[in-house]
Amino acid sequence: MDQVIRLEEKKGVGHIILERPKANSYEINFMKQLLACLQEVERRHSIRIVVLRSALEKFFSAGADIKIFQSNTVEQNKLLVRHARQVAAALSKGKKITIAAINGHALGGGLELAMACDIRLGSDASYFLGLPEIKLGLIPGNGGSQRLIRLCNNRTRALELLLTGNTFGYQEALDLGLFSHVYPKDSFAKDIMEYAEQMANGPLEAMTAIKTCVNKGVELSLEEGLALEDHLVAPLYASQDAKEGFQAFLEKREPRFK
């Protein structure tokens, strides 16, 4: 079994690196290894932020390996999709903040992986993003239709992209709100590292609570969302991080969260 996913840890950041040449197209082994890495990240208390990135120059991920997908039985493909959905759930529902660092093509299931992350950061390189499943007579099978419509600030444009399967670049991803930031290609790796390490200095319990508030809150009424917020903030008042935050404020210094 080829090792196509690896986990590296540095300064509170877990870097999950995709490396299946030529395009990080995934199959069942890819998804099993990725899920195992995400489970390991959840176990490690030393990891506070997760960065999902590619070791390949031109691709973040081209999605499912079409040759394998075509040769599989329907049941085999359903199993692959189930694993992909487990990975997406681990990225979106885990306790750690997940960041997709994109500086290569992110297509189909590859873009779906990125959209399952909490934050997406891009480079200003020449690459394309898109959900071209419609051109195969399919629709996105790993949350693409639901996440794109929720993440983009232009619902009509998101629908159009799903219906046509057309690709778009980093500038439109930024304009649509799909990307939080775009960094220069030449300094992308350094900028991503600095971004993630700075966030890793934050209070993990509070950050996890915010992630839960946002992800669950969008599906609730305002009253239900406020009740969820109240439920999650209550235990934080007695946390060590909150005590440190107040003390640091009074002492006019940066907090040192544990």
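## A tour by selection

Start at Ile17, which stands opposite Arg53 in strand 3. The model is predicted: local features need pLDDT of at least 70, side-chain atom pairs count only at pLDDT 80 or more, and totals for chains, interfaces and linings use all residues. Residues are numbered from 1 along each chain as its sequence is written, and side-chain values use heavy atoms, with hydrogens and water left out.

**Strands 2 and 3.** Select residues 13-18 and 49-54. Strand 2 and strand 3 run parallel, joined by 6 bridges. Strands are DSSP runs of E, at least two residues, and helices are runs of H or I, at least four, numbered from the N terminus. Two strands pair if DSSP finds at least two bridges between them. Buried means under 20% relative accessible area (1.4 Å probe, protein chains only).

Next, select strands 4, 6 and 8. They form an open sheet of 3 strands in the order 4-6-8, with parallel pairing. Strand 4 (59-61) and strand 8 (129-130) are at the edges, each with a single partner strand, so one side of each has no neighbour in the sheet. Strand 6 (residues 105-107) pairs with strand 8 in the parallel sense over 2 bridges. Pick Ala106: its bridge partner in strand 8 is Leu129. Helix 4 packs on this sheet, touching strand 4, strand 6 and strand 8, and its direction makes about 95° with that of strand 6. Contact means heavy atoms within 4.5 Å.

**Helix 4.** Select residues 109-116. Here 8 of the 8 residues are buried, so helix 4 is largely enclosed by the rest of the structure.

**Helix 4 against helix 5.** Axes are lines fitted to C-alpha atoms, for helices over the stretch in contact, and angles run from 0 to 180 degrees between N-to-C directions. Glu112, Met115 and Ala116 of helix 4 meet Gly144, Arg147, Leu148 and Leu151 of helix 5.

**Helix 5 against helix 6.** Finish with residues 155-164. The axes of helix 5 and helix 6 come within 8 Å and cross at roughly 155°. That makes helix 5 roughly antiparallel to helix 6. On helix 5, show Gly144, Ser145, Leu148 and Ile149; on helix 6, the contact uses Arg155, Ala158, Leu159, Leu161 and Leu162.

Definitions and conventions: Buried < 20%, exposed > 50% of the residue type's maximum accessible area, 1.4 Å probe, protein only. Parallel < 35°, antiparallel > 145°, perpendicular 65-115°, else oblique.
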